[in-house]
Amino acid sequence: MYVLVIGAACTLTLKNRMGWRKILAVGLLIGVAAVAWEWKSSVNIEEFYKGKRVVLTGASKGIGKSLAIQLSKRGAKLVIAARTVQKLADTQSECLKNTPHVHTVRADVSKEEDCRAIVDKAVEEFGGVDILILNAAYSPNPQWFSDYEKPAEKFSSVLGVNLLQSVQLVHFSLSHLNKSQGIIVPVSSGAGIAAIPKVSAYATSKHALHGYFKALNQEFILTNTPVSITIMPLPYVLTETAVTNWKPIGTGDGITAEDCADRMLHGIPKRQLWYYVDWTLWFMGHVYSLYPEFFDVFTRLHLSRTSYLFS
Ligand SMILES: NC(=O)c1ccc[n+]([C@@H]2O[C@H](COP(=O)([O-])OP(=O)(O)OC[C@H]3O[C@@H](n4cnc5c(N)ncnc54)[C@H](OP(=O)(O)O)[C@@H]3O)[C@@H](O)[C@H]2O)c1
């Protein structure tokens with residue numbers, strides 16, 4: 001709303017100075033430049049992933065499983081990790097239909113030695129890492145903070161997976177990513193942008209993830225480190241975990257894990273710091289950074305009309 005009002009005010013002010021014709025011409029120029037930029041930065045993704053060495057966490061189900069399968073179809077070499085051996089093996093056998101280069105590591109990414117083992121596997125099998133996708137997450141059932149019996153324990157187990165896997169895996173793979181001029185993809189959420197009640201631990205972990213990677217990106221630029229970071233906040237995706245936790249929040253129909261994975265794979269080659277797989281998150285990200293209080297009020301109003309708060 002504010003954006004529309006400000007946009008209208010700017011247009012009217014410019015109209016008095018420049019007239020409609022000049023405004024239209026400038027708008028057209030900006031449009032052409034945007035299309036040219038998009039065209040210049042577009043990459044043939046069928047080619048892009050061929051032979052790329054990808055480390056992917058959280059591949060036993062949900063979005064991670066879809067990412068693994070689609071990457072295997074596009075010729076990537078994969079090291080996939082999760083804790084549930086059987087489900088990970090299921091993902092592996094799906095991927096093996098497309099490529100022989102798929103290795104699994106049974107790993108709890110909240111543990112330092114398991115993170116080291118994931119990177120070691122990629123180095124042992126493929127000689128390095130090109131793309132590191134940090135997808136594994138622990139998303140507990142929504143709960144008011146006042147109902148936590150042992151909040152510190154809960155927070156440390158959520159942060160242990162959602163934040164510390166990134167710290168550890170980046171630490172162990174950075175020299176390899178440096179050599180390959182690789183890409184790190186932290187998978188995030190709208191809960192890392194907006195203020196959503198009843199998910200304080202999860203929201204904290206995703207906000208912290210943004211802080212960590214924004215700071216790391218500054219360090220990479222200042223030290224000429226040739227590694228890109230692409231933070232991907234995702235919308236509501238119809239995985240089992242999300243349907244249980246997020247459905248009552250009234251986030252719309254959601255997109256399938258397959259669709260989400262496909263959109264993510266189109267975003268990775270762009271090497272942008274932020275990549276939004278749909279416009280709602282893009283809009284949320286931009287409005288929130290301009291008007292956080294407004295967005296907080298809007299979030300409360302929206303949630304109070306759903307069953308989420310008291311389900
Ligand atoms: N689905 C959505 O609507 C949505 C929205 C926004 C953001 N996201 C983000 O998208 C990513 C994937 O979400 P999803 O819905 O696909 O989740 P999911 O279906 O619950 O899958 C989570 C994956 O993480 C793994 N994992 C969890 N704890 C782990 C641990 N300690 N060590 C190793 N692996 C662990 C799980 O495997 P094991 O249990 O076998 O270990 C599983 O493979 C997450 O980062 C999530 O925050 C999802």
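Two residues are in contact here if their C-beta atoms, placed from the backbone, lie within 7 Å. The model is predicted: local features need pLDDT of at least 70, side-chain atom pairs count only at pLDDT 80 or more, and totals for chains, interfaces and linings use all residues. Residues are numbered from 1 along each chain as its sequence is written.

**Helix pair**
- Helices (H or I, at least four residues) and strands (E, at least two) are DSSP runs, numbered from the N terminus.
- Residues E112, C115, R116, I118, V119 and V123 of helix 5 meet Q165, Q168, L169, F172, S173 and H176 of helix 7.
- The axes of helix 5 (residues 112-126) and helix 7 (residues 164-180) come within 9 Å and cross at roughly 30°, which makes helix 5 roughly parallel to helix 7.
- Axes are lines fitted to C-alpha atoms, for helices over the stretch in contact, with angles from 0 to 180 degrees between N-to-C directions; under 35 degrees counts as roughly parallel, over 145 as roughly antiparallel, 65 to 115 as roughly perpendicular and the rest as oblique.

- Of the 311 residues in the protein chain, 37% are buried (20 or more other C-beta atoms within 10 Å of the residue's own; exposed is 12 or fewer, partly exposed in between).
- Beyond neighbours within four places in sequence, L78 is in contact with residues including V54, L56, C95 and H103.

**Whole chain**
- The protein chain has 12 helices and 7 strands.
- Its C-alpha trace spans about 65 × 50 × 40 Å along the principal axes.
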